[in-house]
Amino acid sequence: MAKFEPVLFARIQKNDSQALAGYRADGGYAALKKALGMAPADVTTMVKDSALRGRGGAGFPCGLKWTFLPKDHPGPIYLAVNADESEPGTFNNRILMEEDPHQLLEGIAIACHAIKSNTAYIYLRYEYGRSYRVLDAAIKECYAAGLLGKNILGTGFNLDVHLHRGAAAYICGEETGLIESLEGKRAWPRIKPPFPAVEGLFRKPTIVNNVETLCCVTHIVYRGVEWFKSMGVPPDPNNPRDPGSYGPKLYCVSGHVNKPTCVELPMGVTARELIDEHAGGVWKGRKAKAVVPGGISMGFLSAAELDTPLDFAGPGKAGCLGLGTAAVVVVDDHTSMVEVLYNCCRFMSHESCGQCTPCREGTSWMTRILERIRTGNGKVEDLDLLMEVAGSMGIIPGTTICGLSDGAAWPVKNAIQKFRGEFEEFIRTGQKLRGPAEALMAAH
Amino acid sequence: MPKATVNNQVIEFDASEQLNCIQAAKKIGFEVPHYCWHPELSVVASCRMCLVEVGDTKPDGTVVMQPKLVPGCQTPVKEGTVVLADSPKVKAAQAATLEYLLLNHPLDCPTCDQAGECGLQDYSYKYGRGYSRLQEPKNQKPDKDHIGEQITLFTDRCIMCTRCVRFTREISGTAELFVTHRGTKEEIDVFPGEPCDNKLAGNVVDLCPVGALCSKDFLYEQRVWWLNSAKSVCPNCSTGCSITVDQNEDVVYRLKPRENPQAQGHFMCDEGRFGWKYQQREDRLAYPEQREAGRVVSYGWDDILPALRKQLQSTKGDRIGALLSPWMTVEEAYLLASFLTEISEHVRLAVAPAAIVGSDDRYPKDFRGQPLEPTKFTIRAEKAPNARGVDAVLKHFAKSPLTMSDLLAQASSGKLDALYLVGGDPNGWITAQQADAVKKVPLVVVQDILPSAVSPLAQYLLPGGTFAERDGVFVNHAGLAQEIHRAVRCPEGARPDGRILWDLSGRPGLFNAAQLRKEIAAQIPALAALHAGKLGDCGVWLSEGKTPSPPVTHLAGANR
């Protein structure tokens, strides 16, 4: 295979990649000009035909989502850009926003044209200070250059983009939690229906798209559907509900690797290839014990499953929740899975919004059980209890409003299913793990 | 009529009913357990107690069930909907949810006011697993005595149903309560210095399905299983909220709203909820007195009532005046008016005006305090329970009823030889100046519950009962006639007004309000709707004479 030429990341190594002048010199905003020359419905059709799936985690077909908007709505219709990138191990949106903000803004403008929206909100993760400053400057440049505001490029299209710093919680990245937070409320995900496309921000039709998704829109419009579908994985012919996994994807690789990285590759690269060829292999000459395929809420691949292709369907076939954000976190064979799982559970119980009973209490309970196990007071039966708790929460069994608790349950399910021997041995042999503070003391 | 099935039983419903699964199950008498859902509040579907299985009937008659559990509160029931609310899958989910809810619950039922009427207790017995598998320490959260003047919060008992938060946002519009922290550390709280003291604040205690929000007034006063409840009507304004009067051994401990869509809905105001304490005032009129020349000559009902009857009967009819009170029941007004008009049709009958305080206060309100449509609850400016009912009686007996000031003017100008004054308004119904007017009347009878400016002037002082001590009917502002029932006995020597007037009239036997209503209905066309005697829990409309349909939304757990 010929060496893949990055598209989304084409400009990030350049000097001054954030400036409008440079972006235009590289052909920037040509896609917007092209899109504004098309009817909105045609842009939507184009995105739909490209089979672009949302890059935020759920992988919902982007064009299809746009068609859920009510027909002939008098407006306003809103676009909310989900830049609340909080999934552990995920940092691709951050690079896009910090290094090439105009690529995103162009995608926003094209999407707004397609969905007939004149207002877009970028809901930016609070902790992303540099992203805020870069985007803020880029938005100002666009207003000054007539690329945002009234009568964009002389076409009569108006668009205002508001940059909103988030409320610093994981749940703000959930589509409807984001909308609530944007309205100034506590980010408690809403019950559906109604879905945001029908009744979202300020009770108006709203499309929520991820940063990387919108960057892809820019290139689909510019380079065409064929280009986008020339890479990736076609649908499984045996699964009529599989829309395929086309296009380029930004894979984040972190954890116990020699060279943590974020790399753009066609959909469907294997975990092994990512680790060995793009991240310099597992560190210290060790082997991978477990690999998170797409943010910790997706669960774990075992060492035997490293050849799983990381497209939208691949991790699911290996028992994971899905591709998620394609954030690969490598765990080496010197690391205790008890500690890894404890860390996952601690994060999820800290971030549970507390609305639905099973998630609020279940995430915390699982953390406490693991805390007990890791301090040497576990019992083998605790593993069954963990599996039972994990199995009773989430939108998959139907016991919660949003998917956070599916994401909290999956690492538990995967870890105990795939590494049960290690857990049992840990408990039987009465091992103890040091707390973070003790570990720090021991290191000095 | 659309049809659906719940637990394999067919239900029929009107398409306009917009039932959810909880309400649909109620139609077959099946309770779907729930905490966060309340018919008057927005649906949040967060407690996950009401999970059910649902499916649709396809045109060919096959049933396709959804693979996931869904919250019954959030899921509408339509033509062909199939609801399974007692399947093994549902029961497993209920047990799991209850186990979660009880994980951090302190299980301090022995010291908890809610024990005995607690949603957690009831559902745990019915659906729970009986023991906790939590081996780690429970969360401990600080109790919050500062939630409101009347409200205290036992934070660790809270199950985060957020009913209270939604009530202050969606009904009272005051939004004092909110959720602070996140996840399992969540707590209900108020902002510093802004306690939950709105006019409807006490309702959050009723709405709380567990013992988290407690009434300071009732705190540690009684175990609820010692309480007996009498169905009654709040007398404090003309809305006539349906309530229960909860008592033990003749002591009233609390009033609670009782759901009645025709009267007020689900709630009651704090003015009514806490405004009954005059019932326990130490200066309540407790003994009947007959006075001559300022000296009490008898304290015995058996002497007083025949003597009074004789004296009134020997007075010239057009020189007898009587002032009725809008705090009387229909029966009491009827007994007094019919007794006096039997003496003479020329007796001068008047009714005291109902006190008007401010203007009607309508809810829900928005956050600016502006009332929103449609109105769900009103605190009325008219501070009397039965102005309509007494008026209807009076109009029947008096061709031209007088006003209170007319009657007092006649008294002060010496046109009356006997004046029968009925009080009953605990906030006072006669001023000292007005009381002066009666000094010229040789025979003054005062029937009241509390001392007033006129009670020292009475030749006959007849201590009556408060609403909690009487049986009868109040007619609210809209013409809804509702029964009140005696919850406790009057103070020692006092008697319920109906009994006083029955005996005064010389009627044989005992006063029985329901029996008397049949007579009233036959006599007074405007009150014909009372013909059944017993009016049911929700009362009857005077105008239509129909018994209102019982509330479809009412469930055991809906309004704890």
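Q: How far apart are the mean positions of the positive and negative charges of chain A?
A: In this predicted model, the mean positions of the 48 positive and 48 negative charges of chain A lie 2 Å apart. Lys and Arg count as positive, Asp and Glu as negative, and His and the chain ends are not counted; each charge is placed at NZ of Lys, CZ of Arg, CG of Asp or CD of Glu.

Q: How many helices and strands does chain A have?
A: Chain A has 18 helices and twelve strands, which are DSSP runs (helices H or I, at least four residues; strands E, at least two) numbered from the N terminus.

Q: What share of chain A is buried?
A: Of its 444 residues, 61% are buried, meaning under 20% relative accessible area with a 1.4 Å probe, protein chains only.

Q: Turning to helix α13, which residues of α13(A) are buried?
A: Among them are A:M337, A:Y342, A:C344, A:C345 and A:E351.

Q: What do they pack against?
A: The buried residues of α13(A) pack against strands β10 (288–292) and β12 (327–332), and against helices α14 (357–377), α16 (404–418) and α17 (420–428) of chain A. Contact here means heavy atoms within 4.5 Å.

Q: What box do the C-alpha atoms of chain A fill?
A: The box is roughly 75 × 50 × 45 Å along the principal axes.

Q: How are residues and chains labelled?
A: Residues are numbered from 1 along each chain as its sequence is written, and chains are lettered from A and ligands numbered from 1 in the order in which they are written. Local features need pLDDT of at least 70, side-chain atom pairs count only at pLDDT 80 or more, totals for chains, interfaces and linings use all residues, and side-chain values use heavy atoms, with hydrogens and water left out.

Conventions. Buried < 20%, exposed > 50% of the residue type's maximum accessible area, 1.4 Å probe, protein only.
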